[in-house]
Amino acid sequence: MSALPMVVPEPGLPSAVTIYEVGPRDGLQNEAAVVPTEVKAAFVRRLLAAGLPVVEATSFVHPRWVPQLADAADLMTGLTAELGDAARQLPVLVPNRRGLDRAAELGLRHVAVFASATETFASRNLNRTLDSQFEMFAPTVAAALEAGMDVRGYVSMCFGDPWEGAVPADQVVAVGRRLLDLGVGQLSLGDTIGVATAGQVKALVAAFAEAGVGPDRLALHFHDTYGQALTNVHAGLQSGVTTYDASAGGLGGCPYAQSATGNLATEDLVWFLTGLGIEHGVDLDAVVATSTWMAGQLGRPSPSAVVRALGSGDS
């Protein structure tokens, strides 16, 4: 049994949040070595068993761009054989219509598209301009909705860009609104290089609210490059956002943004929320054990502070 923080609720914060686990996709896509399919499957199963309500499993991207996830179809086929309909509910990233078709062939029900808030990252990551990226998303989202799928929209570089510097809030809102207009159900606003500050988080959520997009339509996705991820989560909670992306063990970065370090660790987020008395439904011991196990698979320690504090090497 792990230690747990003292629970001292803070007035005015949400009573419950959803942790959107991205470790199997956003975490493993940045690994130098390819993780075996059976290890990925075990990772997903363990995260689900730990109580995480949403586990993003993989990406149906061309293997040339992200070879670490080239086994997406094999992974999802295997998980479906084991878990049945529960596997079909796992979200996957689909960069374009071809990726969507591959997910649909397997009966998957939740997909995500990945947009950029800046011109340079759109060019480097999507080989598109900021404006023309929507020509790729429109048929993909339309086809997904027609098939009865749920669609999430990621927006990267929402708080800063390594090539362009500061990103104006109205530019992020414009991109987000266009995705919502296409039919995306939820926007995940990404601090891709980890430069966001608490005041900036509040300002961006407020800018969306002024544009008619409430915090119930938003998720926040932080990286811990400057140690600000949990501070930014707190700002998001104060702004009414109740969905937070996190990666078990703090895995992941971004293969197209070299300054990006690991995602906010799921364990660190769980500890933080537990201390505030905010419901999340996640078993901290189980996630720590899973991240300790995955660190062993990868041959290096987890960057998560909570994993380091609570983890053991025998999981």
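**M157.** I looked up M157 and found it buried (under 20% relative accessible area, where over 50% is exposed and in between is partly exposed, with a 1.4 Å probe and protein chains only), at a relative accessible area of 0%. This is a predicted model, where local features need pLDDT of at least 70, side-chain atom pairs count only at pLDDT 80 or more, and totals for chains, interfaces and linings use all residues. Residues are numbered from 1 along each chain as its sequence is written, and side-chain values use heavy atoms, leaving out hydrogens and water.

M157 sits in the loop between β6 (150–156) and α8 (169–182). Helices (H or I, at least four residues) and strands (E, at least two) are DSSP runs, numbered from the N terminus. I noted its phi too: M157 has a positive value near 60°, and M157 is not a glycine. Most residues other than glycine have a negative phi.

**N127.** Here I found another positive phi, about 55°, again in a residue that is not a glycine. N127 belongs to the loop between α6 (119–126) and α7 (133–146). Is N127 buried or exposed? N127 is exposed, with a relative accessible area of 68%.

**Helix α6.** Next I checked α6 and listed F121, A122, N125 and L126 as its buried residues. They span an arc of only 105° around the axis, so they sit on the same side of α6. The arc is taken from the directions from the helix axis to the C-beta atoms. The cover over these buried residues includes β5 (110–116), α7 and β6.

**Helix α3.** I moved on to α3 (residues 72–83), which has twelve residues. From first C-alpha to last, α3 reaches 16 Å, close to the 16 Å expected at 1.5 Å a residue; the expected span is 1.5 Å times one less than the number of residues. Which residues of α3 are buried? I got A72, L75, M76, L79 and T80. Looking down the axis of α3, I see its buried residues within an arc of 130°, so they line one face of the helix. As a reminder to myself, an α-helix has 3.6 residues a turn, so residues three or four places apart point the same way.

On the face of α3 turned away from the buried side, I found the exposed residues D74 and A81. Among the elements covering the buried residues of α3 are α2 (37–49), β3 (58–59), α4 (85–88) and β4 (92–93). Just after α3 comes G84, with a positive phi of about 65°.

**E267.** I found E267 in helix α11 (residues 266–275). E267 counts as buried, at 0% relative accessibility. What does E267 touch, leaving aside neighbours within four places in sequence? Its contacts (heavy atoms within 4.5 Å) are A248, G249, L284, V287, V288, S291, S304, V306 and V307. I also checked E267 against A3: they are 264 residues apart in sequence, with their C-alphas 12 Å apart in space.

**D170.** For D170, in helix α8, I noted 59% relative accessibility, which counts as exposed. D170 and A142 are 28 residues apart in sequence and 25 Å apart in space, C-alpha to C-alpha.
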